[in-house]
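Hi,

Here is the structure I promised to pass on. Have a look at it first, and then read on for what turned up.

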Amino acid sequence: YDIIKFPFCVVFGSSDTLWELAAAEVQSREAERGEQEGGEAVSERSVFLMGSKAGGKTSILLRCLDRDEPSKPTLALEYTFGRRARGHNTPKDIAHLWELGGGTSLSDLVQIPITPVSIRSLSVILILDLSKPNSLWGTMEKLLQAAQAQLEKVSSKVQQAQRAKPGAKPQMSAYSATRTLPKDYPDRELISPFPVPLLIIGSKYDIFQEFDSDKKKVVSKTLRFVAHYYAASLIFTSIKLESLMSKTKSFFSHMAFGLDKGNYQRHRIEGKLCPFDTTKPLVIPAGSDSFSQIGSPPTTDVDISSLHAKNPRDLWKKVYERVFPQENTSEQRELKDPAKDPQYSEPQIDAMRAQKDQYGNQKYLFTYLCSVTLTYL
């Protein structure tokens with residue numbers, strides 16, 4: 001993988017955002033390069049990573065990109081992109097990679113990576129911290145709802161724009177808010193596919209594997225249901241277990257570059273032939289599980305009919321929350337000023353900012369004292 005950086009410029013008088021302009025510039029350069037290298041088209045995909053706060057998103061991304069560097073806490077929303085060649089002397093495909101930090105507290109930032117440009121080839125990776133099951137459902141629910149709402153909003157706008165163009169041929173399949181599944185997809189009429197390809201990663205399996213077997217069963221079966229309900233892939237991993245990271249890389253490469261299809265299909269075939277063991281790390285490609293294999297929610301101390309669930313998804317949620325009462329996932333936004341973060345230090349700028357802040361404080365104090373004096377008089 002190659003990580004590319006290039007200078008940005010602001011174009012005045014344009015309604016496009018800086019990221020859209022940057023993406024268009026990269027696309028233009030790669031198109032020109034593809035023509036020079038024989039005319040073979042360069043593939044561009046976008047991957048949006050979100051999930052549990054401090055759940056290992058950055059560490060997993062760095063491992064999938066084979067980047068040997070220490071991970072740092074993600075500041076709001078971070079962007080990078082990688083390139084990978086399909087073969088010798090072939091153009092390198094591009095993956096635009098977005099990572100949302102802060103857990104659910106910054107879910108409104110999904111509007112930045114999910115745009116009319118990116119939705120053409122977008123995939124979403126949801127990383128959930130298995131070591132914190134009491135916040136897992138709330139995190140998953142809020143982030144998926146935020147992403148799905150933005151996807152539907154963008155899809156609607158694009159379709160309206162297409163219909164407004166005189167003589168333009170509609171391309172509904174490229175922007176449809178509903179994914180089209182194969183006719184033989186298991187439980188096709190009973191599920192609600194996520195609008196774009198979705199991969200759910202359960203992180204920190206090295207800690208989760210030490211949990212009580214009954215609790216592990218509840219978490220595993222619940223995530224299997226959720227993944228199948230959204231027509232998503234599911235994999236448990238840990239950056240400390242190389243065998244699991246190797247499988248995670250295959251799933252990531254498949255989503256980001258369309259590569260490692262052989263391993264992906266192998267996992268899918270194995271899943272259809274062999275029942276998944278919830279006592280072991282799960283590796284379940286989309287389309288290889290079914291409701292009949294998953295079974296009913298694992299509960300012994302309550303009558304399911306007494307839960308008054310609205311639908312199967314609501315039933316699984318109620319059972320899960322019986323075992324793992326959910327903590328408040330509406331995390332407070334961090335008050336720490338990013339401008340004072342040491343990793344972004346700029347000595348000259350910081351010195352000027354300190355002088356400005358000092359002047360501002362003195363001015364505020366002077367204004368306050370004047371106000372108090374006039375009030376007293």
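Before the details, one term: a residue is buried when its relative accessible area is under 20%, exposed when that is over 50%, and partly exposed in between (1.4 Å probe, protein chains only). Please keep in mind that this is a predicted model, where local features need pLDDT of at least 70, side-chain atom pairs count only at pLDDT 80 or more, and totals for chains, interfaces and linings use all residues. Residues are numbered from 1 along each chain as its sequence is written, and side-chain values use heavy atoms, with hydrogens and water left out.

First, the overall picture. The protein has 11 helices and 8 strands; helices (H or I, at least four residues) and strands (E, at least two) are DSSP runs, numbered from the N terminus. Of its 377 residues, 42% are buried. Contact here means heavy atoms within 4.5 Å. Among contacts with a separation of 6 or more, 71% are between residues 24 or more positions apart.

Now to α10, residues 312–323. Its 12 residues should span 16 Å at 1.5 Å a residue, and the end C-alpha atoms are 17 Å apart, which agrees. (The expected span is 1.5 Å times one less than the number of residues.) Which residues of α10 are buried? They are Arg 313, Asp 314, Leu 315, Trp 316, Val 319 and Tyr 320. The cover over them includes α3 (136–164), α6 and α9 (291–294).

Next, how the helices pack. Two packed helices are described by the angle between their axes and the distance between the axes. The axes are lines fitted to C-alpha atoms, for helices over the stretch in contact, and angles run from 0 to 180 degrees between N-to-C directions. Angles under 35 degrees count as roughly parallel, over 145 as roughly antiparallel, 65 to 115 as roughly perpendicular and the rest as oblique.

Take α6 (residues 213–229) with α10: their axes come within 11 Å and cross at roughly 160°, so the two are roughly antiparallel. The crossing is left-handed, meaning that the near helix is turned anticlockwise from the far one by less than a right angle (clockwise would be right-handed). On the α6 side, the contact uses Val 218, Val 219, Lys 221, Thr 222, Phe 225 and Tyr 229, and on the α10 side Pro 312, Arg 313, Trp 316, Tyr 320 and Val 323. By class that gives 8 nonpolar, 1 polar and 2 charged residues. For the classes, Ala, Val, Leu, Ile, Met, Phe, Trp, Tyr, Cys and Pro count as nonpolar, Asp, Glu, Lys and Arg as charged, and the others, Gly among them, as polar.

α3 also packs on α10, at an angle of about 150° with the axes 10 Å apart, so this pair is roughly antiparallel. Here Leu 136, Trp 137 and Glu 141 of α3 meet Arg 313, Trp 316, Lys 317, Tyr 320 and Glu 321 of α10. That contact divides into 4 nonpolar, no polar and 4 charged residues.

And α3 with α6? Their axes come within 12 Å and cross at roughly 10°, so these helices are roughly parallel. Leu 136, Trp 137 and Met 140 of α3 touch Val 219, Thr 222, Leu 223 and Val 226 of α6. The classes are 6 nonpolar, 1 polar and no charged.

Glu 327 sits in the loop between α10 and α11 (347–376). Glu 327 is exposed, with a relative accessible area of 52%. Beyond its neighbours within four places in sequence, Glu 327 is in contact with Asn 134 and Ser 135. Ser 135 is 192 residues from Glu 327 in sequence, yet 5.4 Å away in space, C-alpha to C-alpha.

Lastly, some backbone angles. Most residues other than glycine have a negative phi, and most peptide bonds are trans. Ala 76, in the loop between α2 (57–64) and β3 (77–85), has a positive phi of about 60°. Ala 76 is partly exposed, at 29% relative accessible area. Ala 231, in the loop between α6 and β7 (233–236), has a positive phi of about 55°, but counts as buried at 1% relative accessibility.

Cheers

Technical notes: Expected span 1.5 Å × (residues − 1).
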